Amino acid sequence: MALYVGLDCSTQSLASIVIRVDGARREVVFAYALTFDEAFPEYGTHHGVLPSVDPRVQASSPRMWLEALERMMAAIARSGIELSDVVAISGSAQQHGSVYLTARGVARCSGFDASRSLAEQLEDAFARPLAPIWMDTSTREECAEISAALGGAGRVAARTGSRVFERFTGPQIRRFFKRDPAGYETTARIHLVSSFLASILAGADAPLDPGDASGMNLMDLARADWWPEALDATAPRLADRLPVIRPSATVIGTLAPYWRKRYGWPAAAVVAWSGDNPCSLIGTGLVEEGRLAVSLGTSDTVFGLMREPRVDTGGTGHVFGAPTGEFMGLTCFRNGSLARERVRDAYGYDWARFSEALRSTPPGNQGRLMTPWFEPEITPDVSTPIVRRLDLDPADGPANVRAIVEAQMMAMANHSRWMGVDVQVIHATGGASTNRDVLQVMADVFGADVYQFSVENAACLGAALRAWHAHEAACGRPRPWTDIVRGLAEPVTESRVSPDTAAMRVYAELRTRYADFARPSGAPGN
Ligand code: XUL
């Protein structure tokens, strides 16, 4: 009997899932989440993001993540699970966000004192106290500079899997270097959220995996290693400041003595962390080509496994590394759950009433349309928030509820065409995937069967499964991914939501109209 732990440091919370593997039997034995706003009110975050005078700047606190990690590791240790059975631990983290450590900070990570908290010991470890996160849109100028230096959007996308995006780590690093050269000079290591937290667990400088490193505009996708030209175009002597890139299935060490002495953890293997989307690929069981997953979280994402990278020439999608050693196509939408909540709250609804609104309005909403851009949007590229309505009365709650969900689903269907998947089946995950009325719209818009999962947090489950997979391989017992995802990361057969033929016909036409309506004015960035 063996236990595997998955952690997930997302925008709004730190979650954990512990799975028990006993022969063919796999089950979740513990799951817990700490929501940053509630658990750490002293940081003043709103949905996990720090307040900012400039709305384009979106950052979080690495110190808060440390405190959350410490509290979570203590909670799991006290949960009643057989801690000594924990064999391996890995994690998932929001992508693109970066953490800047001084040389002292890097050194501290390898010698924590078990009598003091992590936050206390790392108080002066940061060359940049805040971590820019994936919602940041402040780097338009740096994107243009990097893109121009590298020969344009097409060349960058062909090499790194994505054109230069504002939230990607390369442009964020360049902005820091330009605005605070002294801070950049004292930076010894720039981690992503994933490799930062992995370093804290292992008490050693952790590598990045290709899944998360491909969200930086700095990695050569084909070689899964840094692209020197991109590093030069971003900031001086950047190579010295970046972690190494290692395969996703790398065991990077064991839990540091800190965790063993302070909370009684065993010397479990620490497996490299990855980004939340690569982890969700595993957590939704997408280890073969031909299906898509839709994650309805703070960001909405649509993604699927790719054996060979097929880069989006339209400039909206990304190709990332996949934990299987292959690739994944992904399109990301910033106006996800927070936009749904904005509409829900505008009419004073709860989720039950939100669902009722969907049921009481017809598919296609009688041609009424809305753009869901309450905040700047990533796909398509919209820098100034604007909620446009077509024939839609802002006072009509039910019609506005349908309009936002339809807009989100049509945008996802339209902007995932580049992946070249004939979508017959969708694996749905994320908080809103529990809402079957939302999933009905998804099924009708995509014209595909939609399935739910027994475990809602696919990223966290994916991290636990990655821990198991990597540990087995390290012990000379490699298991195929199809076996790893069997059971827990399989769609629940009875959960199927099938498309309605008449509704599918309505959306086939409406999707084209929506594409015209939602065409942002101006060119798509760089
Ligand atoms: C993906 C992206 C988001 C974050 C959210 O490119 O920006 O999905 O990973 O956690």
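Two domains make up the division of this protein: domain 1 spans 2-278, and domain 2 covers 285-452 + 490-520. The model is a predicted one. Taken over C-alpha atoms, the centres of domain 1 and domain 2 lie 28 Å apart.

The two domains touch. On one side, 27 residues of domain 1 take part; they are in contact with 26 residues of domain 2. About 2100 Å² of area is buried between domain 1 and domain 2. Carbon and sulfur atoms give 59% of that area. Three residues stand out on the side of domain 1. Trp134, Leu221 and Asn277 supply 25% of the area that domain 1 buries against domain 2.

One salt bridge is found between domain 1 and domain 2. Separately, nine residue pairs are counted in polar contact between domain 1 and domain 2, with both residues at pLDDT 80 or more.

Helices contribute to the side of domain 1 that touches domain 2. Helix H6 (153-160), helix H10 (210-213) and helix H13 (276-283) each supply at least two residues there. H6 gives the most, with three residues. By residue class, the side of domain 1 that touches domain 2 holds nine nonpolar, 15 polar and three charged residues.

A salt bridge joins the side chains of arginine 140 and aspartate 381. Its N to O distance is 2.8 Å.

Conventions: Residues are numbered from 1 along each chain as its sequence is written. This is a predicted model: local features need pLDDT of at least 70, side-chain atom pairs count only at pLDDT 80 or more; totals for chains, interfaces and linings use all residues. Side-chain values use heavy atoms; hydrogens and water are left out. Domain bounds come from an automatic or database domain assignment. Contact means heavy atoms within 4.5 Å. Buried area is the accessible area (1.4 Å probe) that two parts lose on being put together, summed over both. A salt bridge is a side-chain nitrogen of Lys or Arg within 4 Å of a carboxyl oxygen of Asp or Glu. A polar contact is a pair of N or O atoms within 3.5 Å; within protein, one must be able to donate a hydrogen and the other to accept it, and residues adjacent in sequence count only if both atoms are side-chain atoms. Helices (H or I, at least four residues) and strands (E, at least two) are DSSP runs, numbered from the N terminus. Ala, Val, Leu, Ile, Met, Phe, Trp, Tyr, Cys and Pro count as nonpolar, Asp, Glu, Lys and Arg as charged, and the others, Gly among them, as polar.
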